[in-house]
Amino acid sequence: MITKKATFKDGIKVLLDLRDSLFEQITQIVNSYPKDAFWKMPFAGVEGYHSKTLAYSIWHVFRIEDIVLHTLILNNSQVLERGEWQKKIGAEIITTGNELSGQQIAEFSKTLDVKILYEYAKAVKESTDEYLKGLDFVSLKNKFSDSDRQRVATCGGVSSDEKAVWLIDYWCAKDVAGLLKMPFSRHWIMHIEAMRRIKNKLCKMARKGVDPVAYCGFSCNHCFLGQWCGSCRTEYNTCSFATCSPDGVCPNAKCCKEKGFDGCWECLEIKSCKIPCSSCS
């Protein structure tokens, strides 16, 4: 759609909607999962994007987008360079992270303040979205010169390591239309899908040996969010009722824990209880 003049504007709208939908998945993960989930590597050693960590995935996706948009396309300052983002996030590097592997990724992820990293990612997304809204069809064919390539090579955002330096030629060989596909859309899809696999595995590991009956009486084994959620009896509680509640805490689970109950059914006040029940809503 984007590469055809007649459907260009509609294509941009579809792209923006896709990015909103994908970013919402990142938002849910950041708001719902415990701190240590972001540096764990349940698929360490395997081939694929899911061999990384949740924190690394966020950093990698949005560092690449920041560099491509601002250094390569617009030739202005990156979002990372504004407002001391690197210091606030706690990142020891400003690169895309391609040069890291194995335990290096886990150790790097531990240093990151995920909440601040999320805010940085959001700022990069919003910056790109504004660019996309103002993009015209003619600009899709814009290509990049040797000076553009040199600018990216010297910005410090891409490591000289062989696992990373190839990115420069890869980006600069594309026109703007090509960059809209990779990294502004397909790159998101690949890494967010990997994040889904990581979190699903972490939830499965968390639920192992845990009572599958939630505090509210709902059966986690029969829940449509079974892969998303680690149950309210673990730190990986991301059921829809929890995510809609203040601080991501289910009021049923909070009440039971405070009263020392194994479930709402143990409470003598259950018939007059005013707390909404997720299994009954």
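In this predicted model, 49% of the 281 residues of the chain count as buried. The chain contains 11 helices and zero strands, and its pattern along the sequence reads α-α-α-α-α-α-α-α-α-α-α. The C-alpha trace spans about 75 × 45 × 35 Å along its principal axes. Among the contacts in the chain with a separation of 6 or more, 71% are accounted for by residues 24 or more positions apart.

Helix H2 covers residues 54-73 and has 20 residues. From its first C-alpha to its last, H2 reaches 28 Å, close to the 28 Å expected at 1.5 Å a residue. Of the 20 residues of H2, 20 are buried, so this helix is largely enclosed by the rest of the structure. Two packing partners of H2 are described here, helix H9 (residues 186-207) and helix H4 (residues 103-110).

The axes of H2 and H9 are 9 Å apart, and the two helices pack at an angle of about 170°. An angle over 145 degrees counts as roughly antiparallel, and H2 is therefore roughly antiparallel to H9. On the H2 side, the contact is formed by Leu54, Ser57, Ile58, His60, Val61, Phe62, Ile64 and Glu65. These residues meet His187, Trp188, His191, Met195, Ile198, Lys199 and Leu202 in H9. Sorted by class, the contact of H2 with H9 has nine nonpolar, four polar and two charged residues.

The packing of H2 with H4 has an angle of about 85°, with the axes 8 Å apart. Angles of 65 to 115 degrees count as roughly perpendicular, so H2 and H4 are roughly perpendicular to each other. Here Ala55, Tyr56 and Trp59 in H2 meet Ile105, Phe108 and Ser109 in H4. By class, the contact of H2 with H4 has five nonpolar residues, one polar residue and no charged residues.

Threonine 53 lies in the loop between helix H1 (8-32) and H2. Its relative accessibility is 0%, so threonine 53 counts as buried. The side chain of threonine 53 makes a polar contact with the side chain of serine 109, at 2.6 Å. Serine 109 is also one of the H4 residues that meet H2. When neighbours within four places in sequence are left aside, threonine 53 is in contact with Phe38, Trp39, Lys40, Met41, Ile105, Ala106, Ser109 and Ile198. Of these residues, Ile105 takes part in the contact of H4 with H2, and Ile198 takes part in the contact of H9 with H2.

The loop between H2 and helix H3 (85-89) holds asparagine 75. Asparagine 75 follows H2 and has a positive phi, near 55°, although this residue is not a glycine. Glutamate 84 is found in the loop between H2 and H3 as well. Glutamate 84 has a positive phi of about 55° and is likewise not a glycine. With a relative accessible area of 53%, glutamate 84 is exposed.

Helix H5 covers residues 114-134 and has 21 residues. The distance from the first C-alpha of H5 to the last is 30 Å, close to the 30 Å expected at 1.5 Å a residue. At the start of H5, a side-chain oxygen of aspartate 113 reaches to within 3.2 Å of the backbone nitrogen of lysine 115. The buried residues in H5 include Val114, Leu117, Tyr118, Tyr120, Ala121 and Val124. Lys125, Ser127, Thr128, Asp129, Tyr131 and Leu132 in H5 are buried too. The cover over the buried residues of H5 includes H1, H2, H3, helix H8 (176-181) and H9.

Cysteine 172 is found in helix H7 (residues 166-172). This cysteine has a relative accessibility of 12% and therefore counts as buried. Not counting residues up to four places away in sequence, cysteine 172 touches Leu72, Phe144 and Arg149. Cysteine 172 and cysteine 244 are 72 residues apart along the chain, and their C-alpha atoms are separated by 43 Å.

Terms used
Residues numbered from 1 in each chain as written. Predicted model: local features only at pLDDT ≥ 70, side-chain atom pairs only at ≥ 80, totals over all residues. Heavy atoms only, no water. Helix = DSSP H or I, 4+ residues; strand = E, 2+ residues; numbered from the N terminus. Expected span 1.5 Å × (residues − 1). Buried < 20%, exposed > 50% of the residue type's maximum accessible area, 1.4 Å probe, protein only. Axes fitted to C-alpha atoms, helices over the stretch in contact; angles between N-to-C directions. Parallel < 35°, antiparallel > 145°, perpendicular 65-115°, else oblique. Contact = heavy atoms within 4.5 Å. Nonpolar A, V, L, I, M, F, W, Y, C, P; charged D, E, K, R; others polar. Polar contact = N/O pair within 3.5 Å; in protein donor to acceptor, adjacent residues only side chain to side chain.
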